[in-house]
Each structure stands twice: as structure tokens, then as C-alpha cells.
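Trainee: Please show me the model, and let me ask how the terms apply to it.

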Amino acid sequence: MTRRYDRANQKLDYLVREGRFLGIRASERTGAVAIELAVWTRSAAGKGCGYYACFRLFLDDHGTANYAVLFCFYDGTDGSPCLKGFESALTFARSNGFKDNDHA
């Protein structure tokens, strides 16, 4: 695991609690029914790069999430994008195929 994902793991509760929804997309993973969600939140320090994260939710036959995996975390370190505000994070998410609920 990289240092960035170690930091993501340390911030996981904060991401889940404070993350603002950016969009949803179908997962391209084969062999499982899954959706992907993108979220963004200000850094815990309240300045600098925010935290952009994507979660893959694996669904059962009834559409209930069985478990989730954090598969993307950007905080402006290790060459990852620095997204300082919600609007820049939203633009980034849209450029990567995430859409709002009505257009997923």
C-alpha cells in the first residue's frame, strides 16, 4: 500500500462522515454487480487541497450494498490532483464519467 493510501485509510471515517457527493457511475468490473461513487471534502486542516475519493459498492441481487472498497484517493500528494474546492472536484468527477443520480 502506498503512503497516500495509508493517509486515506487514516481519513476514512472523516471521508465517509464529511464527504460531499459528486456523482455515481456503473462499475466496469466484471463478475460482480457494482456501482462507483465519488465524494470530496475539505482537508481536515480546512486549507489546501481537499480530499477526493471514489468508492466501489458491491451489490447483491436485491441491490443492497454488501461491502465497499476505496479505490481512489487524491489529496494533492505523490502526484495526485489537488482539488481545493467542490466545483473543481465536481468538474474532475464529471470528466471521469461520474454523473448525478438522475443521469447515472
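Trainee: What share of the contacts in the protein with a separation of 6 or more comes from residues 24 or more positions apart?

Mentor: The share is 48%; contact means heavy atoms within 4.5 Å. This is a predicted model, in which local features need pLDDT of at least 70 and side-chain atom pairs count only at pLDDT 80 or more, while totals for chains, interfaces and linings use all residues. Residues are numbered from 1 along each chain as its sequence is written, and side-chain values use heavy atoms, with hydrogens and water left out.

Trainee: Which elements does the protein have, and in what order do they run from the N terminus?

Mentor: The order is α-α-β-β-β-β-α, with three helices and four strands. Helices (H or I, at least four residues) and strands (E, at least two) are DSSP runs, numbered from the N terminus.

Trainee: Why does the radius of gyration of the protein agree with a compact globule?

Mentor: The rule, 2.2 Å times the number of residues to the power 0.38, is compared with a radius taken over C-alpha atoms. For 104 residues a compact globule would be near 13 Å, and the protein has 14 Å, so the two agree. The C-alpha trace spans about 40 × 30 × 25 Å along its principal axes.

Trainee: What makes the contact between Asp-78 and Arg-3 a salt bridge?

Mentor: A salt bridge needs a side-chain nitrogen of Lys or Arg within 4 Å of a carboxyl oxygen of Asp or Glu. The N to O distance for Asp-78 and Arg-3 is 2.9 Å, so the pair qualifies. The pair links distant parts of the chain, 75 residues apart: Asp-78 is in the loop between strand E4 (65-74) and helix H3 (86-95), and Arg-3 is in helix H1 (residues 3-10).

Trainee: Which residues are linked with these two in a network of salt bridges?

Mentor: The network links Arg-3, Arg-7, Asp-75 and Asp-78. Within it, Arg-7 and Asp-78 meet at 3.3 Å, N to O.

Trainee: Why is Glu-36 called buried?

Mentor: Buried means under 20% relative accessible area, exposed over 50%, and partly exposed in between (1.4 Å probe, protein chains only). Glu-36 has 4%, so it is buried. Its salt-bridge partner is Arg-25, at 2.6 Å, N to O. Arg-25 lies in strand E1 (residues 20-26) and Glu-36 in strand E2 (residues 34-41), so the pair ties together parts 11 residues apart in sequence. Arg-25 has 23% and is therefore partly exposed.

Trainee: What makes Arg-3 exposed?

Mentor: Arg-3 has a relative accessible area of 59%, so the residue counts as exposed.
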